[in-house]
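Student: I have a model open and would like to go through a few of its residues with you. Could we take them one at a time?

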Amino acid sequence: MANESTLEHDIYLFHEGNLRYSYQLLGAHPDVQDGVEGIRFAVWAPNAVQVSVVGVFNDWDGRQNPMEKVNENGVWLAFIPKLEKGTIYKYEILTAHGHLRLKADPYAFSSELRPDTASVVYPLDNYTWNDDEWMKDRKAKNIYESPVSIYELHLGSWKYIEPEVYYNYREYADMVIPYVKDLGYTHIELLPIMEHPFDRSWGYQTTGYFAVTSRYGSPDDFKYFVDQCHQHGLGVILDWVPGHFCKDEHGLRRFDGEALYEYQNPSKAEKTQWGTLTFDFGRSEVHSFLISNAIYWLKEYHLDGLRVDAVASMLYLDFGKNEGEWELNEYGGRENIEAVSFIKKMNEAVFEEVPDTLMMAEESTSWPLVSSPTYIGGLGFNYKWNMGWMNDMLKYMETDPIHRKYHHNLITFSLFYAFTENFVLPISHDEVVHGKKSLLNKMPGDYWQKFANLRAFLGYMYAHPGKKLLFMGGEFGQFDEWKDLEDLDWELLEYDSHAATKNYMKELHQLYLDSAPLWELDHKEEGFSWIDAQNYDQSIVSFARNSRTSNDQLIVVCNFTPQVYHDYKVGVPKHGSYKEIFSSDAERFGGSGQVNGGPLGTIPEPWQGQDQHITMTIPPLGVSFLKRTSVSKEENHEK
């Protein structure tokens, strides 16, 4: 056990909101006292009259192992000899109102399998990591100038044994990693795997913030999953939900009989649209809890980043509320000032402790400087999901091609703000559930056109500035929307169109990984330049993606109608010869085969603001990537 002065100092920092590793103080930890091995328990419950540790080991009798209140701010301690890993326990709390409550440990590292709700003693030092090379390379990598393509998945509905019976994290590692790696993704993003009582919350309504859900195995099993991802060259990002928590009786709600982790004021506490409670972002101990939790996942599980859920719900007091359900802040605004301060403090702490991490905000409004450092007034994340691009593009793609010319701004508007943040382009689970239809089934037209539209959309997505994220099933054209209680329709891969779509994603990823212009200057204006953004009548756009090497450039031409065009003139910035290196309309992808096979020489006639142009075939509902393969005689002479 830590010596008394260290313990007092840690408790002081906890109450100040500055104990970044509070999970090492609170919770259940193996310890030795007076030469006897056992488990030390610590919990924060300032409003409790008495707290006891109960479990099978004492017949759930709170009189057997009472805890000692060690300070007036409500930290309780107990040491119970001879308890071991795997011990099941809860805290029995006597409230000021005379009620007894049984609560799971907020800092437990493991929990019973639902529907059981007790905490489980589980030391963190059992696992031996083998990802040193990955972690070393991660420190040296400039992620902003690197390819990032994220496969978002929900483990239980990716593949299962039978409904509500899942594989172990180790088994998922053996299945998921080869599949995702073969497709060419750089990262996996998991929907929350913190302990949660209700399967259909997908982990977004959490009870055990420090506990890996036991649906899929133990903490060590999950460490194996991450370790194997790293050894096979895949990063792992985890969805994290610091904005709100569920009301289940064994969880954080009124933990010691009073509002503790949540706001006392119901207008600030209640997330009525989700039936959850907002954390009290003005409470220092909540700061220690949440900041420690972020650091815990990044440090103890070697995660490469956190995708922070529902940031807008934290920033705004009126989020999801009707008039009369919320109150103005002290300055008369609708911003939650305490939450803004907390977010900045959290990001500062995370980047001080884990500088090479990813902190990605799902922030759906126009809040400025989300992905900028706090010292220039930003929120301190280093990435933001581009929800505006997602909404515009899905609206555009769902429009019948004959009408798309009237909505042309939906595919061009994002470039007005594409470099104001470090963006991720997300097509996530939220877009393919609750009646929104699958990505493939959003596409208009007949069977062939649906797949062609999907290929065109994904091609444009990978050509557009910003890192990429696609939810599972989108890579092979899942026809049904996400069925969260079933696994993916893997049998579709027996059909040519779906198998070809998966192959398309594999080759599109290879193009992406091999092409520095598609990622090296993702967040800088010089990485992108329009050639023609105005051809709304034919729904065709063309642009250049650039890298730091002046001659390393890709020309991208996108046609969002089923019309084929021959001898179509495209302005190009440099003389020479161009080759179509990738076409979404290739027959091997299920396309019509309207490709450009031979070299496309430049014609010295100005077009579309360029000094010269090429003529090419424009495929139906297709995206073409062109690269200059030879320089002109003039350039050779200049050299």
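This is a predicted model: local features need pLDDT of at least 70, side-chain atom pairs count only at pLDDT 80 or more; totals for chains, interfaces and linings use all residues.

Student: With which side chain does the side chain of Asp489 make a polar contact?
Tutor: Gln478 is among the residues that Asp489 touches. The polar contact is between the two side chains, at 3.0 Å, and the partner of Asp489 is Gln478.

Student: Is Asp489 buried or exposed, and what is its relative accessible area?
Tutor: Buried means under 20% relative accessible area. Asp489 counts as buried because its relative accessible area is 11%.

Student: Let's move to another aspartate. What is the nearest side chain of opposite charge to Asp280, and how far away is it?
Tutor: Asp280 sits in the loop that runs between strand S17 (276-278) and helix H7 (284-300). Asp280 is buried, yet it has no salt bridge. A salt bridge needs the charged atoms within 4 Å. For Asp280 the nearest side chain of opposite charge is Arg283, at 5.0 Å.

Student: Which residue has its backbone nitrogen 3.0 Å from a polar atom of the Asp280 side chain?
Tutor: Set aside neighbours within four places in sequence, and Asp280 is in contact with Tyr261, Glu262, Tyr263 and Val286. The backbone nitrogen at 3.0 Å from the Asp280 side chain belongs to Gly282.

Student: Which residues have the most contacts inside the largest nonpolar core?
Tutor: That core has 181 residues. One of the names you want is Tyr261, which touches Asp280 and also, among others, Trp44, Phe245, Phe255 and Phe289.

Student: Last one: why do the buried residues of H2 line one face of the helix?
Tutor: In helix H2 (residues 132-140) the buried residues are Trp134, Met135 and Arg138. They pack against helix H5 (219-231) and strand S14 (235-240), while the face turned away carries the exposed Asp132, Glu133, Lys136, Lys139 and Ala140. The buried residues line one face because, seen down the axis of H2, they fall within an arc of 95°.

Conventions. Residues are numbered from 1 along each chain as its sequence is written. Side-chain values use heavy atoms; hydrogens and water are left out. Buried means under 20% relative accessible area, exposed over 50%, partly exposed in between (1.4 Å probe, protein chains only). Helices (H or I, at least four residues) and strands (E, at least two) are DSSP runs, numbered from the N terminus. The arc is that of the directions from the helix axis to the C-beta atoms. Contact means heavy atoms within 4.5 Å. Lys and Arg count as positive and Asp and Glu as negative; His and the chain ends are not counted. A polar contact is a pair of N or O atoms within 3.5 Å; within protein, one must be able to donate a hydrogen and the other to accept it, and residues adjacent in sequence count only if both atoms are side-chain atoms. A nonpolar core is a set of buried Ala, Val, Leu, Ile, Met, Phe, Trp, Tyr and Cys residues joined through side-chain atoms within 4.5 Å.
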